[in-house]
Amino acid sequence: MTLSTRTMAFSAMLCLLPGLPQAGSVEVLHYWTSGGEARSVQVLQQAMQEDGHTWDDFVVQGGGGGNAMATLQDRVLRGNPPTAAQIKGLDIQRWARLGFLSNINDLADEQQWDERLPPVVAAAMQYNGDYVAVPVNVHRTNWLWANKRILDSVGVAVPTTWAEFDRAADLIAAAGYRVIAQGHQDWQHATLFETVALSVGGPEFYQAALVEHDFRAMRSDTMDAVFDRYYRLLEHMPLSDDLGEWNQATSLVINGEAAFQFMGDWAKGEFSAEGKVANTDYVCAPVPGTQNQFLFNIDSFAIFDLRGASQADQTAQNDLVRNIMDDSFQRTFNQNKGSIPPRTDMSMSAFDDCARVSMSEFIAAAANDSLLPSIAHGMATTGTVQGYFYEKIGELTVNPISPSESSRELAKAIRYGQYVIK
Ligand code: GAL
């Protein structure tokens with residue numbers, strides 16, 4: 001009897017022995033490809049392999065996840081859903097409403113999710129009160145990343161107001177450095193724009209305009225002031241197609257070619273992947289004017305209903321969910337990814353200064369009504385409205401018009417996105 005037939009006979013025999021762990025496989029669809037992102041998802045892959053399961057990595061190129069969602073839709077409509085997919089925010093509701101997701105309340109009860117997750121996170125993972133997705137982390141989008149050596153060499157501190165930012169920008173430009181590194185993609189421009197809207201307008205304005213899409217707020221003088229500030233940033237932000245991906249922009253800050261990047265804290269994953277240390281090589285700070293305010297973006301895996309799957313694959317899917325909420329995974333994954341754990345019972349002692357600041361600002365923002373859903377990352381509105389928001393901000397970034405015309409154009413685009421049937 002050859003080795004392979006003996007192994008197959010042995011594993012078949014194993015399956016017959018109840019209670020013994022069964023090796024199954026999971027196929028996970030995600031879009032984590034940058035250095036820090038890949039390092040992070042490998043932590044989950046390893047945890048699954050340590051449980052004896054096979055990890056089938058279905059990775060789709062393209063930061064922000066637009067391509068991944070199109071690929072997922074195509075696969076599911078062909079009746080070939082993955083075990084789990086990186087789906088976030090309101091899109092979880094959409095997939096659950098269509099009946100594709102699995103009720104994982106048993107696992108949530110087993111791991112006391114209701115006691116361990118902040119209400120904003122628990123709610124995002126549920127459909128009609130049932131858990132259908134598992135949270136991986138909490139990202140904050142309103143961060144500014146700075147190269148410490150450049151700041152020290154021109155003698156400026158990290159700006160906390162736009163006036164300080166303008167002064168620092170002039171000194172940095174005069175010293176011959178690129179001031180702002182920004183990848184030339186609509187979702188990245190939309191991410192910057194939402195943080196400027198929070199900074200210039202404040203939490204109530206952000207909520208009214210970019211979450212509730214209140215027409216008066218979208219057409220207000222405040223929105224004009226947001227565009228005015230946004231356009232002034234463009235003066236320090238050279239855009240080119242050969243600087244497309246967000247992590248390419250982060251590399252310019254890491255390498256000392258650019259002073260600043262405005263980006264969610266997944267950028268920190270790139271600094272860590274390069275062995276850079278917070279407050280030594282680089283500095284993390286809230287976008288000027290957004291201290292104690294937190295634009296959240298929660299990564300999660302939606303769990304697909306595996307009708308007809310083998311018991312082994314069902315067990316593997318359950319183990320995937322269990323591993324994601326496990327202490328050691330939560331610690332290592334979030335250290336690599338640049339985010340914070342979604343669990344409120346995790347110690348932050350093993351995390352760096354930026355993560356500890358993020359967790360304390362997450363808690364502070366929850367207490368002072370400044371914990372707000374990111375529109376650029378699917379937490380605040382439907383995928384359709386988000387698409388029109390991306391497109392319009394992208395268009396205005398390339399062809400700026402007057403602030404008041406810009407507000408009118410953006411209001412029209414969001415209104416259209418609300419009512420267009422897709
Ligand atoms: C976000 C995602 C983050 C990060 C970023 C860049 O949408 O939630 O985890 O990966 O895109 O790709």
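Ala, Val, Leu, Ile, Met, Phe, Trp, Tyr, Cys and Pro count here as nonpolar, Asp, Glu, Lys and Arg as charged, and the others, Gly among them, as polar. On that scheme, the shell around the ligand divides into five nonpolar, five polar and four charged residues.

This is a predicted model, where local features need pLDDT of at least 70, side-chain atom pairs count only at pLDDT 80 or more, and totals for chains, interfaces and linings use all residues. Residues are numbered from 1 along each chain as its sequence is written, and side-chain values use heavy atoms, with hydrogens and water left out.

Now the ligand site. 14 residues surround the ligand, each with a heavy atom within 4 Å of it. The closest are E37, K88, N297, D299 and K337. A polar side-chain atom of E37 lies 2.5 Å from a ligand oxygen. For K88, a polar side-chain atom is 2.9 Å from an oxygen of the ligand, and for N297 the distance is also 2.9 Å.

Next, salt bridges, meaning a side-chain nitrogen of Lys or Arg within 4 Å of a carboxyl oxygen of Asp or Glu. The structure holds 20 of them. In one, R116 meets D345 at 3.1 Å, N to O. R116 lies in helix α6 and D345 in the loop between α17 and α18, so the pair ties together parts 229 residues apart in sequence. Helices are DSSP runs (H or I, at least four residues), numbered from the N terminus.

Notes: A polar contact is a pair of N or O atoms within 3.5 Å; within protein, one must be able to donate a hydrogen and the other to accept it, and residues adjacent in sequence count only if both atoms are side-chain atoms. Helices (H or I, at least four residues) and strands (E, at least two) are DSSP runs, numbered from the N terminus.
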